[in-house]
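Have a look at the picture first, then read on.

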Amino acid sequence: MRLSMVFVIAALLFLCSSANAQKAASPPSLAPTPAPAPAPDHVNLTDLLTVAGPFHTFLNYLESTKVLDTFQNQANNTEEGITIFVPKDDAFKSLKNPSLSKLTQDQLKQLCLFHALPHFYSLAEFKNLSQGGPVNTYAGSGGYSLNFTDDSGTVHIDSGWTRTKVSSSVHSTDPVAVYQVDKVLLPEAIFGTDIPPMPAPAPAPVVAPPADTPSDTSDNGTSPKSSPANSSGVVINWGIWSQLVLAVSGGLVLFL
């Protein structure tokens, strides 16, 4: 009986030790791996320019020259981002000289590329950018450079042929910045360096001061009083008569 009890106890101890050994050998449980953050949504330039404003003419040029694909790739697949200056439709309508109708397809492509910088710039960054001289555009360097000046937060752009300013911010979230401009940017590399002088501003109208002339009649409609010249004439006449009277009186005294 004792032997059977000892055997049972030994068996139970063996089973317990085996279970503990299995627990010790099992690897520790790992925390679940967090899901990766979703990729940021890309800005669709076609949708943006279609909805944001009257940019249909510029968008048509971007599509016909395939520059839109270049800009979209720069925005989506690079760390530099892109800055685009978008002229309004009225800017193209008012452009008479020089005309864009005589440009070749390659020149139109360069013109479109000239309206972008291969880097994202917020409006605040143009203050430092204006101190570094001409800035190369997506079209290249040399005659495809732009000059920027910052005037109390207003960004002015000068291409030689075009002087304009950023009139509004259409979209400015890294990596895409789109700014509205009031004129088409014309590069010297296409239109040359023989730039016609800017028309002088019209002079301000000169307003003549009101004439301070005396009235011919008094407030009550009566004629004005005699002038000082008439009064002096009366004084002169009285003087002549006084001399004549004195002369006659002196002659009578001598005769008597």
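Which helices each supply at least two residues of the lining of the largest cavity? They are helix H3 (56-64) and helix H6 (105-113).

## What you are looking at

This is a predicted model, so a bit of care is built in: local features need pLDDT of at least 70, side-chain atom pairs count only at pLDDT 80 or more, and totals for chains, interfaces and linings use all residues. Residues are numbered from 1 along each chain as its sequence is written, and side-chain values use heavy atoms, with hydrogens and water left out.

The protein comes to 9 helices and 7 strands. Both are DSSP runs numbered from the N terminus, with helices being H or I of at least four residues and strands being E of at least two. Of the 256 residues, 28% are buried; buried means under 20% relative accessible area, exposed means over 50%, and partly exposed is in between (1.4 Å probe, protein chains only). Among contacts with a separation of 6 or more, 64% link residues 24 or more positions apart, where contact means heavy atoms within 4.5 Å.

## The cavity

Searching the whole structure turns up 1 cavity of 30 Å³ or more. A cavity here is a set of points on a 1 Å grid over the protein atoms alone where a 1.4 Å probe fits but cannot get out, and lining residues have an atom within 4 Å of a point. The largest cavity holds about 40 Å³ of space; grid points are joined across faces, edges and corners, and the volume is the space filled by probe spheres set on the points.

Its lining is made of Phe58, Tyr61, Phe92, Leu111, Cys112, His115 and Val184. Sorted by class, that gives 6 nonpolar, 1 polar and no charged residues. For this count, Ala, Val, Leu, Ile, Met, Phe, Trp, Tyr, Cys and Pro are nonpolar, Asp, Glu, Lys and Arg are charged, and the others, Gly among them, are polar.

Leu111 and Cys112 also turn up among the buried residues of H6, together with Leu108, Gln110 and Leu113. The buried residues of H6 pack against H3, helix H4 (67-77), S2, S3, strand S4 (140-151) and helix H8 (188-191).

## The sheet

What is the order of the strands in the open sheet? It runs S2-S1-S7-S6-S5-S4-S3, with mixed pairing. Strand S2 (116-117) and strand S3 (135-137) stand at the edges with a single partner strand each, so one side of each has no neighbour in the sheet. Two strands count as paired if DSSP finds at least two bridges between them.

Strand S1 (residues 82-87) pairs with S7 in the parallel sense over 6 bridges, and Val86 stands opposite Gln180 in S7. S6 and S7 run antiparallel, joined by 6 bridges, with Ser169 and Tyr179 as bridge partners. A hairpin of 2 residues leads from S6 to S7. Strand S5 (residues 154-158) is antiparallel to strand S6 (residues 163-173), with 3 bridges between them; there, Asp158 stands opposite Arg163.

Is S7 enclosed or open? It is largely enclosed by the rest of the structure, because 6 of its 6 residues are buried. Val176, Val178 and Gln180 point one way, Ala177, Tyr179 and Val181 the other.

The largest nonpolar core has 51 residues, and Phe71, Ile84, Phe85 and Phe148 have the most contacts inside it. Such a core is a set of buried Ala, Val, Leu, Ile, Met, Phe, Trp, Tyr and Cys residues joined through side-chain atoms within 4.5 Å. The largest share of this core, 5 residues, comes from S7 (residues 176-181). Leaving aside neighbours within four places in sequence, the contacts of Phe148 include Phe85, Leu117 and Phe126.

Val43 sits in the loop between helix H1 (2-25) and helix H2 (45-52). Its C-alpha atom is 7.4 Å from that of Val176, though the two are 133 residues apart along the chain.

Ala52 lies in helix H2 and counts as partly exposed, at 41% relative accessibility.

Technical notes:
On a 1 Å grid over the protein atoms alone, a cavity is a set of points where a 1.4 Å probe fits but cannot get out, and a pocket is an open set with protein on both sides within 12 Å along at least five of seven lines; lining residues have an atom within 4 Å of a point.
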